[in-house]
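Me: I have a structure open and would like to go through how some of its pieces pack. Can we take it bit by bit?

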Amino acid sequence: MVKRSFLLTLRPFNLEMEQRKKVAFYTLGCKLNFSETSTIARSFTDEGFDRVEFDEQADIYVINTCSVTENADKRFKSIVKQAQKVNPDAFVAAVGCYAQLKPQELADVEGVDLVLGATEKFNITSFINELLANPERSREVGEVHSCEIADADFYVGSYSIGDRTRAFLKVQDGCDYKCTYCTIPLARGISRSDTMANVLKNAKEIAEQNIKEIVLTGVNIGDYGKGEFGNKRHEHTFLDLVTELDKIEGIERLRISSIEPNLLKNETIDLVSKSRAFVPHFHIPLQSGSNDILKKMKRRYMRELYEDRVAKIKETMPHACIGVDVIVGFPCETDEHFLETYNFLTQLDISYLHVFTYSERDNTEAASMSGVVPKKVRAKRSKMLRGLSAKLRRKFYESQLGSTRTVLFESENKEGYIHGFTENYVKVKAPWNPELVNTLHQVELTKIDTDGLVRFEFEDVFSI
């Protein structure tokens, strides 16, 4: 394969003389990636680009990659092909976690022109400018700029505003935990936080754009405060952060994304229970209900602490929604270990599961462990837990019937219906009505439809 010479330029141009260039983005992975994609997109807008959908004709396609699962790795090639199918001459850049861990592997993919790692991705327009200004540097593989992960020690704030109803606000990055299955510390570096002042500034900017809900995101948000001023001291804590955010006017809802059970303190739970804006919804990783497996994973808690966190939430907020991350098929997970997890989950007062099938990740301790679980067994266990998740969600929805909740309606027309979420994350549906988009309404939850979503009656003056 011979790489083309690039004629596209990002350098300032006269918009009256030239057609505006177009850029498209594809995000793999977590809410944190979505917030960072939005920030990167704004840098292109500042350069005079128009943002378009990924399936539309664009001059540049940017793919924000994920390294958490094997499936995210495999999807990358198909996404590159998707971009090339729309515009074979487009410039394709890969950024993010997978780009940090395996930059050359991505650079070798046909059609990829530029690969940027953990710190370089936020300067993407500068790198593209330089590369396109020197077409003689074109080569048979993409150009790579990826720092040593130890150098990823500074913080770049981000928030997403692509969805009219909610924004993802990044408050923390990186992780100092050493879970044996996880590549995130290798891909994102040490734990570090945004300054309190900047988080509050970003939250106010979001509120000014008539966005009703903010979701706090990060790699390990309960560790907020570490690295806020370039050191390991906690000048502020996560409790300090949520306390100050709760005071900002104009934000209807604040939602905490995934938080480690050992970092979810009683004081934070109490604050949410009395909060003006924070909603009664928690997502707490468990990963295994077996203490033996938790120790092999090098998690920082045992199942007893997890059980205590769930009990504390339900004691203060009986109607709270609790989501749980679980990994199946970790090395040495026997049938007995799995059943221990399954039975533990059935005993907890939780609402749904996010089930992950363990996949070996290079340069992790777990990848070299003995006791490898056959993939067929992993798949069977995953199926069992996904079935359990459906039962847990149904049970939680049933417990909410007859109650009055507040629904924030989404912006998409899905086969003639509009969807929305209550404050405690019950998904509802109603016949499509554009007047409902991005509005909050008091409703009484009445029944569960055949597709598992909840129907309702309006309690306020609005009627369909």
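Me: Which strands does helix α7 lie across?
Reply: This is a predicted model. In it, helix α7, residues 196–207, lies across β7 and β10. The helix runs at about 170 degrees to β7.

Me: And what sheet is that, what's the strand order?
Reply: It is an open sheet of three strands, ordered β7-β10-β11, with parallel pairing.

Me: Which strands stand at the edges?
Reply: β7 (166–170) and β11 (253–256) do. Each has a single partner strand, so one side of each is left without a neighbour in the sheet.

Me: How many degrees are neighbouring strands turned against each other?
Reply: On average 25 degrees, ignoring direction.

Me: How many bridges join β10 to β11?
Reply: Four, and the two strands run parallel. β10 covers residues 213–217. As an example, Glu213 has Arg253 in β11 as its bridge partner.

Me: What does helix α1 touch?
Reply: Helix α1, residues 31–46, packs on the sheet and touches β7 and β10. Its direction makes about 95 degrees with that of β7.

Me: New topic. At what angle do α9 and α11 pack?
Reply: About 25 degrees, with the axes 10 Å apart. α9 is residues 266–274 and α11 is residues 303–316. Because the angle is under 35 degrees, α9 counts as roughly parallel to α11.

Me: Is the crossing left-handed or right-handed?
Reply: α9 passes α11 in a right-handed crossing.

Me: Which residues make the contact?
Reply: From α9, Asn266, Ile269, Asp270 and Ser273; from α11, Arg309, Lys312, Ile313 and Thr316. They divide into two nonpolar, three polar and three charged.

Definitions and conventions:
Residues numbered from 1 in each chain as written. Predicted model: local features only at pLDDT ≥ 70, side-chain atom pairs only at ≥ 80, totals over all residues. Heavy atoms only, no water. Pairing = 2+ DSSP bridges. Axes fitted to C-alpha atoms, helices over the stretch in contact; angles between N-to-C directions. Contact = heavy atoms within 4.5 Å. Parallel < 35°, antiparallel > 145°, perpendicular 65-115°, else oblique. Left-handed = near helix turned anticlockwise from the far one by under 90°. Nonpolar A, V, L, I, M, F, W, Y, C, P; charged D, E, K, R; others polar.
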